[in-house]
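Please look over the protein shown here before reading the notes. The briefing is arranged by topic.

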Amino acid sequence: MFSSKYILLLFMVEATDGLYNAARFKPAIQSSIFYPYYAYLGVDGNYSSDGLEGHCQQTQKEWNPWWMVDLCGQFIIEKIQLTNRKDVYMNEQTALRLRNFDIEIFQKDPRQLSTFPDVAGQVCYHQTDPLGPGTFNFSCPVPIIGRYVRLIMRNVTEILHICELEVLVRSFSAEELYFNKVMDTKMTGTPFDSVNVDGQMVCAQTCLLRRSTDFCTAFNWVTSTNSCQLFSVNPFLDLSANLLSDPGTYFNIQNLALATEPGVKEILLGENTQTEQEFCEASRCGCLEKLKSRLDSSKLWLFKRSDVYKGRRYYLSQQDPISRSEEAMATCVLYGGYLAEIEDLDEFNFIKIFIQKFSGFRIVLIGATDNAEEEVWRYRTNNTLVPSFLVQSRKYGTLANCLYLYDQPGWLAVDDSCYYTNPQYPTRFLCEIQEDDANC
């Protein structure tokens, strides 16, 4: 078992000659995942445009799907190069799905905005018509300074997929990256370059300088010879098979998980000699903020999020082929909420508009039960009665003790089993969580 520590680099850079791709091997995220076509496949350096070969990212079919990359620094962005799918699937030209889209740029993480994902950045490029297969180059109307680049399809319910996206920049003011340091370990294989430098931090800076030309993402620092061995490897992949024990050598690789976690980057500039556990013990607030950041990030993967309604949001689970009411409630509680409890017609209409934005399901579990008294529906957290307008008249027996919003007619609620497995009626669950932006 190798021990690991983290270092952070904040590197100031002037203008470079020509344009280069600042997006390759950077952290990426998307609105949903059609497994196993993860977001990183849009920036992994593989330009294969046959989606069936597994080198293109892909979302579920949904309303306003999006994909976003974090450049890990403020860059002057001039052009975007996009490689679209070219394959035909079930007699459909998949490239034609990409339409009515914006490529927009943000200086700050838009996920921190209360209205995300319904926000707009500075638009580099817009296209209404289907894009078609091939590789396309789009120039921004003017150079735009930014860190986050998002591709979003608007006012459509569709699958979003791209095979590679390059963000072409001329210069940047600062680039911050985290590296995971594995002690007494080396990466095997041939580095693209090996130089002698004075210290591990200089080696790390050398790697950063070579990102624009060689996409350096990892290095071996050999203490006995001051050798800095530079590698261009895909940091999204499991490289453990390429690591060997080697006392006196430190292997460092770009750490994508930490690069997107707010609150971590302020720990220390330079080398951080504290382990993550030590830092949390030294700063309770920092540790709590780190946990909150992880929970908030995981919510983006698990749920679709509504706008704020009377100080709270609703979170619709993205994939739940079977419904277990107790597990659903436990998930909502983990994130500080509970299964949704609809109190009046205004709240019901708000929820109905929200869930109708998405597809792939027919029933949605909410937080009511008639387990105590048949056909007397009460909410689980406060034991209040469910409004009579919400419940359709239907009797499925004493084993049907959970309440679901049903798409016919009009998302009114029906009773059914608390353990739901009918494949003809794909289900989701709906959490209700108080909006709280308070810091620890």
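Residues are numbered from 1 along each chain as its sequence is written, and side-chain values use heavy atoms, with hydrogens and water left out.

**Confidence**

- The protein averages a pLDDT of 82, and 82% of the residues score at least 70; pLDDT is the predictor's confidence in each residue, from 0 to 100.
- Confidence is highest in strand 18 (residues 227-231), at a mean of 97, and lowest in strand 21 (residues 270-271), at 32.
- Over residues 258-287 pLDDT stays under 50, and the model has 50 contacts beyond four places in sequence for this stretch; a contact means heavy atoms within 4.5 Å.
- Where pLDDT is low, the predicted coordinates should not be read in detail.

**Overall make-up**

- The protein has seven helices and 31 strands, taken as DSSP runs numbered from the N terminus (helices H or I, at least four residues; strands E, at least two).
- Of its 440 residues, 50% count as buried; buried means under 20% relative accessible area, exposed over 50%, and partly exposed in between, with a 1.4 Å probe and protein chains only.
- Of the contacts between residues at least 6 apart in sequence, 76% join residues at least 24 apart.

**Salt bridges**

- The whole structure holds 15 salt bridges, each a side-chain nitrogen of Lys or Arg within 4 Å of a carboxyl oxygen of Asp or Glu.
- Side chains of opposite charge can pair when their charged atoms come close.
- R85 pairs with D87, with the closest N and O atoms 2.6 Å apart, and both R85 and D87 are buried.
- R99 pairs with E158, with the closest N and O atoms 2.8 Å apart. R99 sits in the loop between strand 8 (92-93) and strand 9 (101-106) and E158 in strand 12 (residues 157-158), so this bridge ties together parts 59 residues apart in sequence.
- R99 is partly exposed at 24% relative accessible area, whereas E158 is buried at 10%.
- R362 and D407 form a salt bridge at 3.1 Å, N to O. R362 is in the loop between helix 7 (345-355) and strand 26 (363-369) and D407 in the loop between strand 28 (402-406) and strand 29 (413-416), so the pair ties together parts 45 residues apart in sequence.
- R362 is partly exposed, at 23% relative accessibility, and D407 is partly exposed, at 23%.

**Cavities**

- Two cavities of 30 Å³ or more are found in the whole structure. On a 1 Å grid over the protein atoms alone, a cavity is a set of points where a 1.4 Å probe fits but cannot get out, and lining residues have an atom within 4 Å of a point.
- The largest cavity holds about 260 Å³ of space; grid points are joined across faces, edges and corners, and a volume is the space filled by probe spheres set on the points.
- Its lining has 20 residues, of which W66, P117, K304, R305 and F358 lie nearest the centre of the largest cavity.
- Strand 5 (62-63) and strand 22 (303-305) are the elements that give two or more residues to this lining, and strand 22 gives the most, with three residues.

Terms used: Predicted model: local features only at pLDDT ≥ 70, side-chain atom pairs only at ≥ 80, totals over all residues. 1 Å grid on protein atoms, 1.4 Å probe; cavity = no way out; pocket = protein on both sides within 12 Å on 5 of 7 lines; lining within 4 Å.
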